[in-house]
Amino acid sequence: MPSSTTPGSSTLTIPTPGDIPRHVAIIMDGNGRWATKRYLPRTAGHIRGLQAVRRVVEACGKRGVEYLTLFAFSSENWRRPPEEVNFLMRLFVQTLEKQVDKLSEQGVRLRVVGDLSAFEPHLRELIDDAVARTRHNSALHLTIAANYGGRWDILQALRTMLAKHPELSQHPENIEEAMLLPYLAMAFAPEPDLFIRTGGEQRISNFMIWQLAYTELYFCEDFWPDFGARQIEAAFEWYRTRERRFGRTSAQLNG
Ligand code: IPE
Ligand code: IPE
Ligand code: MG
């Protein structure tokens, strides 16, 4: 398999990671419990969670992280009570209306991945506008995963690939990993080096299941609204202690 055509796959070419993760992917969990603990409505936790987003974007930018991907709404979060879903959608709209200029000033390039067809037209317009307005920035690639699911992503990639190359349906034995990569929603980014999940749960909840194949997984007890620069530093410190072998032995790495 030629390495030049497959820069993003840890299973096809062996990456050479540095001390600071190039790509950090975060499940921002625990907003509801943060609020409930304070006898506040869950919605208060989502509002406070936005402040944590700002802190983490700034901290990652300062530390030279190139890609930051945040899980904001999963394909399964529609199962929540309609009032909470509606609140989250309104919050998304308000954030796009108010925060994009600030992000752009910080040199952030914004992308949104997920099945956006489920969102109302106004929200989709705001997303398109924010993506277009920040597309010349390159200090930090910030991606929001919204109505995103790892299984959705793999299926949509497969469907798109087969629609473009119908001959592959006749000869599925010709399908190779590298062929699917350009169709995945995160095709523009390297695979995450570091995954962080706040809120104490130790599960992936359908986030980036393809790309996390060799990602270092970091779980912490802090609820998302309490997360910030200090916690990012702790995660990075832990990351530096990992020996990323990608299938090889320790002796091979150190020999
Ligand atoms: C994460 O916090 C935010 C979203 C899923 C939108 P939660 O809302 O899941 O908070 P907990 O896990 O119930 O505390
Ligand atoms: C994952 O959190 C999704 C987001 C943070 C957006 P959930 O709170 O939905 O995950 P589960 O249900 O506890 O696995
Ligand atoms: Mg949760």
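Me: What makes the pair Ser 10 and Glu 191 a polar contact?

Reply: In this predicted model, the side chains of Ser 10 and Glu 191 are joined at 2.5 Å. The cut-off for such a pair of N or O atoms is within 3.5 Å, so the value qualifies. Ser 10 sits in the segment before β1, a strand that covers 23-27.

Me: Why is Ser 10 called buried?

Reply: Its relative accessible area is 8%. Buried means under 20%, so Ser 10 belongs in that class. Setting aside neighbours within four places in sequence, Ser 10 is in contact with Pro 15, Glu 191, Ala 213, Tyr 214 and Phe 246.

Me: Where is Phe 246 found, and how do you know whether to call Phe 246 buried or exposed?

Reply: Phe 246 is in the loop between α8 and α9, the latter being 250-254. The relative accessibility of Phe 246 is 12%, and with the limit for buried set at under 20%, Phe 246 is therefore buried. Besides Ser 10, the contacts of Phe 246 beyond four places in sequence include Ile 14, Pro 15, Pro 17 and Tyr 214. Leu 70 is 176 residues from Phe 246 along the chain, and their C-alpha atoms are separated by 24 Å.

Me: Which residue has a side chain polar atom that lies 3.0 Å from the backbone nitrogen of Arg 151?

Reply: That is Asn 206. Asn 206 lies in the loop between β5 (194-197) and β6 (216-219).

Me: Why does Asn 206 count as buried?

Reply: Asn 206 has a relative accessible area of 16%. The class needs a value under 20%, so Asn 206 is buried. Leaving out neighbours within four places in sequence, the residues in contact with Asn 206 include Phe 71, Ser 75, Glu 76, Tyr 148 and Arg 151.

Me: Is Tyr 39 buried or exposed, and how do you know?

Reply: Tyr 39 has a relative accessibility of 79%. Exposed means over 50%, so Tyr 39 is exposed.

Me: Why is Ala 146 called buried?

Reply: Ala 146 has a relative accessible area of 0%. That is under 20%, so Ala 146 is buried. Ala 146 is in strand β4. With neighbours within four places in sequence left aside, contacts of Ala 146 include Phe 73, Phe 92, Val 112, Val 113 and Phe 119. Gly 114 is also in contact with Ala 146; these two are 32 residues apart in sequence and 5.2 Å apart in space, C-alpha to C-alpha.

Me: Is Gln 231 buried or exposed, and what makes it so?

Reply: The relative accessibility of Gln 231 is 10%. This is under the 20% limit, so Gln 231 is buried. Gln 231 is in helix α8, residues 229-240, and touches Asp 222 and Asp 226, not counting residues up to four places away in sequence.

Me: How many helices and strands does the protein chain have, and why is the chain called as compact as a globular protein of its length?

Reply: The protein chain has 9 helices and 6 strands. Its radius of gyration is 19 Å, close to the 18 Å that the globule rule gives for 255 residues, so the protein chain is as compact as a globular protein of that length. Its C-alpha trace spans about 55 × 45 × 35 Å along the principal axes.

Me: How much of the chain is buried?

Reply: Buried residues make up 45% of the 255 residues. The protein chain exposes about 13,300 Å², with 51% of it supplied by carbon and sulfur atoms.

Conventions
Residues numbered from 1 in each chain as written. Chains lettered and ligands numbered in written order. Predicted model: local features only at pLDDT ≥ 70, side-chain atom pairs only at ≥ 80, totals over all residues. Heavy atoms only, no water. Helix = DSSP H or I, 4+ residues; strand = E, 2+ residues; numbered from the N terminus. Rg over C-alpha atoms; globule rule 2.2 N^0.38 Å. Buried < 20%, exposed > 50% of the residue type's maximum accessible area, 1.4 Å probe, protein only. Areas by Shrake-Rupley, 256 points an atom, 1.4 Å probe, with all protein chains shown as cover. Polar contact = N/O pair within 3.5 Å; in protein donor to acceptor, adjacent residues only side chain to side chain. Contact = heavy atoms within 4.5 Å.
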